[in-house]
Amino acid sequence: MTVEMSTYVVAEVSQQADLVKTIRLLDVPTAMPGQFFLIWLPGIDEKPISVSNQTSAGTEFTICGVGPWSTAMLQVEAGDRVGLRGPFGNGFALADNTLLVGGGMGVAPLRYLAHRLMEEGRSFDLVVGARDASSLIFREEFGRWGARFATDNGDLGHVGTVTELLSEMLRLRAYDSLYACGPEGMLAAVRVIADEHEMAYQLALERLMKCGIGLCGHCCMEGSGLRLCVEGPVLTREMLDGTAEFGLPHRDGSGRRRT
Amino acid sequence: MVELPVTLAGIKLHNPTVLASGILGVSASSAALAVAHGAGAVTLKSCGAEPRLGHRGPTILPVPGGLLNAVGLSNPGAAAVAHEIRDFRGRCEVPLVASIFGRTEAEFGEVAAIICDAHPALLEVNVSCPNVSSEFGTPFGLDHDATARITRIVKDIAGTIPVFIKLSPQAHNIGSLARRCQDAGADGITAINSVGPGMAIDVYTRRPILSNLSGGLSGRAVLPVAVRCVYEIAQNVSIPIIGTGGITTPEDALQMILAGATAVGIGTGVHSTGISIFQEVCRGLSEYLEESGFTGLDDIRGAANDR
């Protein structure tokens, strides 16, 4: 882990969807799937982004343009420099016979997880959801692993939610545990299904983070106080049980609870 | 096992470690995390009258020997913080220190009124944030007269709630400034706020890394500055001191106590040592007292001042 800031030259930029790009950097410290780095765009801001793949060819971060920082990140070109601190957080523990559930931009860390599970010869299946086919990123890669897709508008695969697809998969066969990353409403639904099936799970959450090193308190979960940047962002059932704000509005940059 | 209770302006702490302001402390839950790991008291992040988002990132930056920060006093506003204080008091037994700031002298009073209504155990007055000067002007804490006036304003409102003034190491003659606070009615001093401010520059993009350009230095590197400040303050006041700045090990905490601190603030150490730092410092303090044949922290407080 490199807690101090270092800047890296962007080796390559690729585009996955209208507002989604992936940057590849070289010689980044080794990270586990589910871990994240704080990425500094000089003059703009610094935000936490999880690794979407890491190989000998470099480390990839996939970014969706939604706010000032991420929109500016979409303008970054090969040869530009960005700052990195990390990796931070606990990451996913690798396990056998699992089902991966991804929604929206949450598929990015699951992509790296799937690559690592493949490398280690661990069996897994994959269900992936998105609004429509055009926003379903890394579709070909996921397709090669036999992923099943769900789209809200029925563009591709199952018409409806990825959690409906999850329930269907669980009727077909038994898995030892679930991995999930996506919108918190989706994660809350995954948790309910996992509880019904008495399955272990690892859910990757997202919160505003200022420091990445367990100091600022912005990513502390209500109730348990767990710091998503240190004890998380991947939470198990035991960690979520003491947490009061899962699936509910959380704090903004001032520390105010949204309602 | 020598016990470590201390009394801070009448408030009993089961051990002298205090979570410093600005670390965790955004919410009752985040402060409770420090309690679960052994903190003797916790300080919330400073709040003002209105919600503030603070500076853009990077706001917190590890550097060799410590940490630079320029968070920019982000806070949800006094009313929301009062809610967190009530939430905390419903869940935790350990004393809670609320920290307040104001953009004007009068605003310190307004914020104190809202916060005191929620009954924190202590009130800390942050006159010394080094990271908002472009917006607020020179920190009040560098001006002895302004600091004394703010102390009086807040103490009038706080009533029986003890008021601690958090001082800046950049203040000229910190011992005499602490004396002014005591004379103005302060019940205690917290020292020190972060040092500098400092700056870190990325050599490849050739620009300062913090969005605020500069930020206060904390962590191990500032310990000697903090110890010297606490030593000078102790020679000038009879009110208790929360010695804060760079405490990473039990020996660091001992230096603070030997310099005259009653309690020790821990902030950056939560990162450099980990959240176990409260327990580790307490264990080390207890072992030191036992090995040296002392019965409690009262036996050694300010001992370095007696020579």
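This is a predicted model: local features need pLDDT of at least 70, side-chain atom pairs count only at pLDDT 80 or more; totals for chains, interfaces and linings use all residues.
## A tour of chains A and B

**Between the two domains of chain A**

Next, show the residues along the boundary, where 16 residues of domain 1 of chain A are in contact with 12 residues of domain 2 of chain A. About 1,200 Å² is buried between domain 1 of chain A and domain 2 of chain A, and carbon and sulfur atoms give 64% of that area. Select P33(A), S52(A) and N53(A), which together supply 36% of the area that domain 1 of chain A buries against domain 2 of chain A, more than any other three residues.

Now display the side chains of E60(A) and R111(A), which meet in a salt bridge with an N to O distance of 2.8 Å; the count across the interface of domain 1 of chain A and domain 2 of chain A is 1 salt bridge. Between domain 1 of chain A and domain 2 of chain A there are also 5 residue pairs in polar contact, with both residues at pLDDT 80 or more. To see which elements form the domain 1 side, pick out β1, β2 (20–25), β4 and β5 (58–64) of chain A, each of which supplies at least two residues to the side that touches domain 2 of chain A. Of the elements on that side of domain 1 of chain A, β4(A) gives the most, with 5 residues.

**Between chain A and chain B**

Bring chain B into view and select the contact between the chains, which takes 33 residues from chain A and 39 residues from chain B. The area buried between chain A and chain B is about 2,900 Å², with carbon and sulfur atoms giving 61% of it. On the chain A side, look for W40(A), L215(A) and S254(A), which lose the most area to chain B and together account for 21% of what that side buries.

Then select E84(B) and R251(A), whose side chains meet in a salt bridge at 3.1 Å, N to O. The elements giving two or more residues to the side of chain A that touches chain B are β1 (2–17), β4 (45–55) and β6 (81–88) of chain A, and the largest share of that side, 4 residues, comes from β1(A).

**The nonpolar cores**

Turn to the largest nonpolar core, which has 135 residues, and select I100(B), I115(B) and L123(B), the residues with the most contacts inside it. Domain 1 (2–88) and domain 2 (98–204) of chain A both give residues to this core, so the core lies between them. Centre the view on I115(B): leaving aside neighbours within four places in sequence, I115(B) is in contact with several residues, including C47(B), A78(B), V81(B) and I85(B). Apart from this core lies another, of 27 residues, among them A17(A), L117(A), F149(A) and L156(A).

**A helix of chain B**

Finish at helix α8 (residues 250–259) of chain B, where 7 of the 10 residues are buried, so the helix is largely enclosed by the rest of the structure. Among the buried residues of α8(B) are P250(B), L254(B) and I257(B), and the buried residues of α8(B) pack against α7 (223–234), β15 (241–244), β16 (263–266) and α10 (277–292) of chain B.

Technical notes
Residues are numbered from 1 along each chain as its sequence is written. Chains are lettered from A and ligands numbered from 1 in the order in which they are written. Side-chain values use heavy atoms; hydrogens and water are left out. A nonpolar core is a set of buried Ala, Val, Leu, Ile, Met, Phe, Trp, Tyr and Cys residues joined through side-chain atoms within 4.5 Å. Buried means under 20% relative accessible area, exposed over 50%, partly exposed in between (1.4 Å probe, protein chains only). Domain bounds come from an automatic or database domain assignment. Contact means heavy atoms within 4.5 Å. Buried area is the accessible area (1.4 Å probe) that two parts lose on being put together, summed over both. A salt bridge is a side-chain nitrogen of Lys or Arg within 4 Å of a carboxyl oxygen of Asp or Glu. A polar contact is a pair of N or O atoms within 3.5 Å; within protein, one must be able to donate a hydrogen and the other to accept it, and residues adjacent in sequence count only if both atoms are side-chain atoms.
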